[in-house]
Amino acid sequence: MSELPISTPRFYGRDTELEELSSTLDPTKFGRKGIVLFGIGGSGKTQLALQYIKKWKQLYQAVIWINSFTSEQIIESFTEAFHLVSKLWPVKDLPNPYVGENKLNFVLARLRSTLYRNWLLVIDSADDLDSYNLVQLLPDTHHGSIIVTSARRDASDILDAHGFSGIEIDKLDDHSGRELLLGRAGISNSSHNSSHAATIVKELNGLPLALEQAGILLRRKVVNLKNFIEEYHTQSNRLMGHLPNAGEVQYDKTRSMYTILSMLYSFVKQQSPTAAAILRLLAVIGPTQVPICLLLRISQLNSRIPSADPEFQSLHDSSKVGAIFRLHLNLLEDLCLVKIRPASGKSLESALLHRADVWYRC
Ligand SMILES: Nc1ncnc2c1ncn2[C@@H]1O[C@H](COP(=O)(O)OP(=O)(O)O)[C@@H](O)[C@H]1O
Ligand SMILES: [Mg+2]
């Protein structure tokens with residue numbers, strides 16, 4: 001099994017989607033089974049795929065996870081898969097017909113000609129469809145199960161012609177939305193709290209990422225259940241000029257996501273300029289694993305840091321002392337803005353929306 005992205009500590013709802021995944025991908029069925037999960041960033045596509053794997057991994061002989069956010073990350077992921085397959089694939093199998101150097105072709109050929117046909121391939125974050133050909137990442141077989149996640153609806157249109165079904169991942173159901181919000185906030189689910197929570201869930205369009213981060217704002221007492229909506233509207237109005245225009249696709253959802261993220265970012269800035277600078281860096285790096293030692297080396301950079309940027313100056317200074325730097329990372333982890341691998345503690349992933357420009361503009 002490939003190394004998977006980090007799962008959320010508690011997963012809520014999505015029962016219908018999980019059932020559809022399990023019946024569509026059922027490895028005992030004949031043919032290549034495929035499903036596209038599409039929906040805007042933060043709607044929970046990656047976590048849903050992870051939850052499916054958690055529940056059904058015993059059905060598969062191999063699980064390969066490809067991060068497809070950029071063409072470079074695709075190459076990186078297939079290279080990792082190549083090493084994994086070369087090391088762990090059972091020796092007693094059909095010969096791999098591909099003999100060239102290309103890692104992607106090697107892995108796809110292995111999945112195509114094998115006696116071990118119950119594999120699951122996940123092509124995650126296939127968002128940049130103009131940079132690569134999605135179909136070429138999929139083995140042309142009559143067996144195996146494939147999940148593709150994408151922020152683009154046309155990923156589903158493209159793969160429809162190749163026998164994939166599509167599920168739009170949208171808002172969480174109201175009950176799960178309230179549970180996610182109050183659970184992250186550490187607030188009891190009493191009927192009084194629950195009715196406030198219902199209003200917030202509705203305002204945030206039931207989007208998991210926005211709800212998770214709203215829960216954190218509540219837990220940190222930046223806002224409370226009573227004044228949340230008012231504070232949210234104030235921030236949303238402040239951002240007006242930077243948000244997508246009414247009528248643009250997914251306007252409401254994008255708007256609630258950015259508003260909550262910017263409330264959280266203001267809080268981070270006020271708590272720790274270093275943590276704010278780390279976030280800005282991660283927004284530029286994108287959704288990939290970032291070794292923490294790399295961030296710690298920032299202090300060794302001789303290039304001049306613009307003096308007008310106090311956040312980066314403080315990042316530069318705190319990266320000199322590992323323990324202090326960790327405290328800033330812990331703040332970001334506690335706010336669910338980064339996820340640190342519990343096993344190694346050596347790398348982190350950012351849970352941002354990866355629209356770097358938002359962080360610079362607000
Ligand atoms: N069903 C869920 N239960 C709890 N948290 C969730 C759920 N779905 C998403 N989240 C949270 O929302 C955030 C965004 O989810 P993610 O799967 O990364 O979205 P996407 O892949 O659509 O951009 C994550 O931090 C995750 O913890
Ligand atoms: Mg994702």
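Predicted model: local features only at pLDDT ≥ 70, side-chain atom pairs only at ≥ 80, totals over all residues.
Residues are numbered from 1 along each chain as its sequence is written, and chains are lettered from A and ligands numbered from 1 in the order in which they are written. Local features need pLDDT of at least 70, side-chain atom pairs count only at pLDDT 80 or more, and totals for chains, interfaces and linings use all residues; side-chain values use heavy atoms, with hydrogens and water left out.

**The protein**

The protein has 15 helices and eight strands. These are DSSP runs: H or I of at least four residues for helices, E of at least two for strands, numbered from the N terminus. Of its 362 residues, 52% are buried, meaning under 20% relative accessible area (1.4 Å probe, protein chains only).

**The ligand shell**

Ligand 1 is surrounded by 17 residues, each with a heavy atom within 4 Å of it. The closest are Tyr 12, Gly 42, Lys 45, Gln 47 and Glu 212. Helices α2 (45–56) and α8 (208–219) each supply at least two shell residues. Domain 1 (15–168) and domain 2 (174–270) both contribute to the shell, so ligand 1 lies between them. The domain bounds come from an automatic or database domain assignment.

| Residue (backbone atom) | Ligand 1 atom | Distance |
|---|---|---|
| Tyr 12 | nitrogen | 2.8 Å |
| Gly 42 | oxygen | 2.7 Å |
| Gln 47 | oxygen | 2.8 Å |

On its own, ligand 1 has 550 Å² of accessible area, and the protein covers 90% of that. Accessible areas come from the Shrake-Rupley method with a 1.4 Å probe.

How values were computed
Polar contact = N/O pair within 3.5 Å; in protein donor to acceptor, adjacent residues only side chain to side chain. Buried < 20%, exposed > 50% of the residue type's maximum accessible area, 1.4 Å probe, protein only.
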